[in-house]
Amino acid sequence: MTAIENRALAANGAQKLLTVDDLCEYLVVSKDFIYDEVRHGRLRASRIARQLRFRPADVDAFVEANAVTGSDL
């Protein structure tokens, strides 16, 4: 299990929210990319204590929505 997956699961199995840094590490993208996707409504986020947080389920939906096939390349 990766560090992201470890952080995403609490002791009782409930999902924790991911930070922008967690998401950058997980998706291997820049913070600018994350902020741009949120700004344009393509990636759901919650603002908590003036910082963005992401539900793992929303991240999975974002990845799935952006999947490509051979003909899309």
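Helix α2 itself covers residues 20–27, and V20, D22, L23 and C24 are buried in it. Buried here means under 20% relative accessible area, exposed means over 50%, and partly exposed is what lies in between (1.4 Å probe, protein chains only).

A word on what you're looking at: this is a predicted model, where local features need pLDDT of at least 70, side-chain atom pairs count only at pLDDT 80 or more, and totals for chains, interfaces and linings use all residues. Residues are numbered from 1 along each chain as its sequence is written, and side-chain values use heavy atoms, with hydrogens and water left out.

## The overall layout

The protein chain has four helices and two strands, and along the sequence they run α-α-α-β-β-α. These elements are DSSP runs numbered from the N terminus: helices are H or I with at least four residues, strands are E with at least two.

Of the chain's 73 residues, 22% count as buried. The accessible surface is about 5400 Å², and carbon and sulfur atoms own 50% of that; the areas come from the Shrake-Rupley method with a 1.4 Å probe, and for residues only the protein chains shown count as cover. As for contacts (heavy atoms within 4.5 Å), take those in the protein chain with a separation of 6 or more: 39% of them are between residues 24 or more positions apart.

## How α2 meets α4

Two packed helices are described by the angle between their axes and the distance between the axes. For α2 and helix α4 (residues 56–65), the angle is about 35° and the axes are 12 Å apart. The axes are lines fitted to C-alpha atoms, for helices over the stretch in contact, with angles running from 0 to 180 degrees between N-to-C directions.

Which residues in α2 and α4 meet? On the α2 side they are L23, Y26 and L27, and on the α4 side V59, D60, F62 and V63. By class, that makes six nonpolar, no polar and one charged residues. The sorting puts Ala, Val, Leu, Ile, Met, Phe, Trp, Tyr, Cys and Pro under nonpolar, Asp, Glu, Lys and Arg under charged, and the others, Gly among them, under polar.

E37 sits in helix α3, residues 31–39. Is E37 buried or exposed? It counts as buried because its relative accessibility is 8%. Leaving aside neighbours within four places in sequence, E37 is in contact with R42, L43 and F62.

E37 also forms a salt bridge with R42, with the closest N and O atoms 2.9 Å apart. A salt bridge here is a side-chain nitrogen of Lys or Arg within 4 Å of a carboxyl oxygen of Asp or Glu, and the count by this rule is five. R42 is partly exposed, at a relative accessible area of 45%.

Another of these pairs is R39 with D36, whose side chains meet at 3.6 Å, N to O. Both residues lie in α3, three residues apart, or about one turn of the helix. An α-helix has 3.6 residues a turn, so residues three or four places apart point the same way. R39 is exposed, with a relative accessible area of 62%, while D36 counts as partly exposed at 27%. Put together, D36, E37, R39 and R42 are linked in a network of salt bridges.

## R55 with D58

R55 forms a salt bridge with D58, and the closest N and O atoms are 2.9 Å apart. R55 is partly exposed, with a relative accessible area of 42%, whereas D58 counts as buried at 13%.

## The loop between the strands

Most residues other than glycine have a negative phi. A49, though, has a positive phi near 55°, and R50 has a positive one near 65°.

Where is A49 placed? A49 lies in the loop between β1 (46–48) and β2 (51–53), and R50 is in the loop between β1 and β2 too. A49 counts as exposed because its relative accessible area is 68%, and R50 is exposed with 76%.
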